[in-house]
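Welcome to this briefing. Please have the sequence and the fold open side by side as you read.

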Amino acid sequence: MVQYRRHRLAGGTYFFTATLADRRADTLIAHIDLLREAFRAARRRRPFTVEAVVVLPEHLHTIWTLPEGEADYPARWIHLKSHFTRAVAARKAVQKHPRGEFMLWQRRYWEHTIRDEADFAAHCDYIHHNPVKHGHAARPEDWAYSSFARFVAEGRYPPDWGADAPQTELVAGEPR
């Protein structure tokens, strides 16, 4: 069996991709209120800062910064995924594995430790251009489920960012 090794850097900043087991589902945006609450619950239990995020129907990308001295992002993901899964299961039937566990999420997630400001900027660009890449929006500003509007409000992007040309392709945890 493959042993997955995760890089852990105390107080680090990480890019993540988490995906539903059913890549045809729209569960994340259909239950965006439950996903937002799952993020809040995970942050209350074990704080972290959400630097950037985009939620698509069946997957999400996010960048988190952990508090100084902490490196346990797996525990945060466990809490977030389980909180969301239980909340969705309370509203609709969720398929279970023969072992009894819910089959909403893919078991693992993609993680990348952000190395520097250029790496951070490239991953933010990837996140905010993702709805366009997947055909969910014509422009990043048209997609409601991302931190793009916050980046514009903070002056990190001009309002028309990404409207003209596709951004540089960044391989960030999604199969081609």
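What follows is a short tour of this predicted model, from the overall fold down to single side chains.

The chain folds into five helices and four strands. Read from the N terminus, the elements come in the order β-α-α-β-β-α-β-α-α. Of the 176 residues, 47% are buried.

- The four strands make an open sheet, ordered β2-β3-β1-β4, with antiparallel pairing.
- Its edges are β2 (49–55) and β4 (110–113), each of which pairs on one side only.
- From one strand to the next, the twist averages 15°.

**Strand β1 and its partners**

- Strand β1 (residues 13–19) pairs with strand β3 (residues 59–65) in the antiparallel sense, over seven bridges.
- Within that pairing, F15 stands opposite I63 of β3, and T19 has H59 as its bridge partner.
- β1 also pairs with β4, again in the antiparallel sense, and this pairing runs over four bridges.
- On the β4 side, F15 stands opposite H112.
- How enclosed is β1 by the rest of the structure? Seven of its seven residues are buried, so the strand is largely enclosed.
- In a regular strand, side chains alternate between the two faces of the sheet.
- In β1, T13, F15, T17 and T19 are buried on one side, while Y14, F16 and A18 are buried on the other. Both faces of this strand are therefore covered, with buried meaning under 20% relative accessible area.

- α3 lies across β1, β3 and β4, and runs at about 140° to β3.

**How α2 meets α3**

- Two packed helices are described by the angle between their axes and the distance between those axes.
- Here, helix α2 (residues 32–45) and helix α3 (residues 73–91) pack at an angle of about 145°, and their axes are 8 Å apart.
- The crossing of α2 past α3 is right-handed.
- Which residues make the contact? From α2 come D33, L34, L35, E37, A38, F39, A41, A42 and R45. From α3 come R76, H79, L80, H83, F84, A87, V88 and R91.
- Sorted by class, this contact has 10 nonpolar, two polar and five charged residues.

- R44 is found in helix α2. Is this residue buried or exposed? R44 counts as exposed because its relative accessibility is 57%, and the cut-off for exposed is over 50%.
- The side chain of R44 makes a polar contact of 2.9 Å with the side chain of E37. E37 is also one of the α2 residues in contact with α3.

- E111 lies in strand β4. With 13% relative accessibility, E111 counts as buried.
- The side chains of E111 and Y73 are joined by a polar contact of 3.3 Å.
- Leaving aside residues up to four places away in sequence, E111 touches R6, H7, Y14, F15, F16 and Y73.
- H112 is in strand β4 too. H112 is buried because its relative accessible area is 17%, which falls under the 20% cut-off.
- What does the side chain of H112 make a polar contact with? The partner is the side chain of D119, at 2.7 Å.
- With residues up to four places away in sequence again left out, H112 touches T13, Y14, F15, D119 and H123.

**To take away**

- The sheet order β2-β3-β1-β4 goes with a β1 strand that pairs with β3 and with β4.

Notes
Residues numbered from 1 in each chain as written. Predicted model: local features only at pLDDT ≥ 70, side-chain atom pairs only at ≥ 80, totals over all residues. Heavy atoms only, no water. Axes fitted to C-alpha atoms, helices over the stretch in contact; angles between N-to-C directions. Helix = DSSP H or I, 4+ residues; strand = E, 2+ residues; numbered from the N terminus. Left-handed = near helix turned anticlockwise from the far one by under 90°. Contact = heavy atoms within 4.5 Å. Nonpolar A, V, L, I, M, F, W, Y, C, P; charged D, E, K, R; others polar. Pairing = 2+ DSSP bridges. Buried < 20%, exposed > 50% of the residue type's maximum accessible area, 1.4 Å probe, protein only. Polar contact = N/O pair within 3.5 Å; in protein donor to acceptor, adjacent residues only side chain to side chain.
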